[in-house]
Amino acid sequence: MQRILVSACLLGEQVRYDGSHKRSRHPILQQWVAENRVISICPELSGGMPVPRLPAEIASGEGGEKVLQRQTSVVDSSGADVSHTFIVGAQNALRIARLHEIHIAVLKEGSPSCGSHQVYDGSFKGHLVAGQGVTATLLRISGIFVFSEMEFNDAHNMLLHLEADGIASPIFHKP
Ligand code: SF4
């Protein structure tokens, strides 16, 4: 059975920087939970950050690719560089995905870790720009299909496609 990696905050876990969650009640997610397909991950907690914590954004609105290449930083609202924690969290998410032979992830949009289409621009003024977070980037370049919480239908279609093809092992290389 294909398992699916899902952002912990979408599952109602109070792991966001302010201790809140972003529970999704989408019927497809509820179906996956009932089928025991869902593996929860909060990359920021996995990387060692506490709850609560200061909000963080990718500096200058650049994407997770530049963070992984050490060409830009993730900074919190005090200006501290928290890039290392975000990279460790992304690596942990990938390790868990590989452990469970996961091909599909649904991650919270807008996050400097989990955002898959948009991230905040580094100004801490609530401005979104096109880009992806550090974890979404690392998962994608490792061969995992990453969707946002606005794309449950697309993710489910991918799941049906993979299961119809009988894909049961990772399409990416294990280290
Ligand atoms: Fe949610 Fe991802 Fe942020 Fe954790 S890192 S709170 S899972 S968006």
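1. Two strands are taken here to pair if DSSP finds at least two bridges between them. On that criterion, this predicted model has an open sheet of four strands, ordered β2-β1-β5-β8, with parallel pairing. The edges are formed by β2 (38-41) and β8, each of which pairs on one side only. From one strand to the next, the twist averages 25°.

2. The pairing of β1 with β2 can be examined in detail. Strand β1 covers residues 4-7 and is joined to β2 by four bridges, the two strands running parallel. Within this pair, Leu5 has Ile39 of β2 as its bridge partner.

3. How many helices and strands make up the secondary structure of the protein chain? There are six helices and eight strands, and along the sequence they follow the pattern β-α-β-α-β-α-β-α-β-β-β-α-β-α. The radius of gyration of the protein chain is 15 Å, close to the 16 Å that the globule rule gives for 175 residues, so the chain is as compact as a globular protein of that length.

4. Other whole-chain values may be set beside this. The C-alpha trace of the protein chain spans about 45 × 35 × 25 Å along its principal axes. Buried residues make up 43% of the 175 in the protein chain. Of the contacts in the protein chain with a separation of 6 or more, 65% are between residues 24 or more positions apart.

5. Which residues of α5 are the buried ones? They are Val134, Thr135, Ala136, Thr137, Leu138 and Leu139. Their packing partners are the helices α2 (43-46), α3 (64-68) and α4 (83-99), together with the strands β4 (74-76), β5 (104-107) and β8 (145-148). Just after α5, Gly143 adopts a positive phi of about 100°.

6. Around the ligand stand Ser7, Ala8, Cys9, Val15, Arg16, Cys42, Pro43, Glu44, Lys108, Ser111, Ser113 and Cys114. Sorted by class, this shell comprises six nonpolar, three polar and three charged residues.

7. Gly19 lies in the loop between β1 and α1 (27-34). Is Gly19 buried or exposed? A residue counts as exposed if 12 or fewer other C-beta atoms lie within 10 Å of its own; Gly19 has 10 other C-beta atoms within 10 Å and is therefore exposed. Leaving aside residues up to four places away in sequence, Gly19 touches Gln14, Val51 and Pro52. Its C-alpha atom is separated by 9.7 Å from that of Cys9, ten residues apart along the chain. Cys9 is also one of the residues surrounding the ligand.

8. Between the C-alpha atoms of Asn157 and His21, the separation is 26 Å, the two residues being 136 apart along the chain.

Note on methods
Residues are numbered from 1 along each chain as its sequence is written. This is a predicted model: local features need pLDDT of at least 70, side-chain atom pairs count only at pLDDT 80 or more; totals for chains, interfaces and linings use all residues. A residue is buried if 20 or more other C-beta atoms lie within 10 Å of its own, exposed if 12 or fewer, and partly exposed in between; C-beta atoms are placed from the backbone. Two residues are in contact if their C-beta atoms, placed from the backbone, lie within 7 Å. A residue is near a molecule or strand if its C-beta atom, placed from the backbone, lies within 6 Å of it. Ala, Val, Leu, Ile, Met, Phe, Trp, Tyr, Cys and Pro count as nonpolar, Asp, Glu, Lys and Arg as charged, and the others, Gly among them, as polar. The radius of gyration is taken over C-alpha atoms; the globule rule is 2.2 Å times the number of residues to the power 0.38. Axes are lines fitted to C-alpha atoms, for helices over the stretch in contact, and angles run from 0 to 180 degrees between N-to-C directions.
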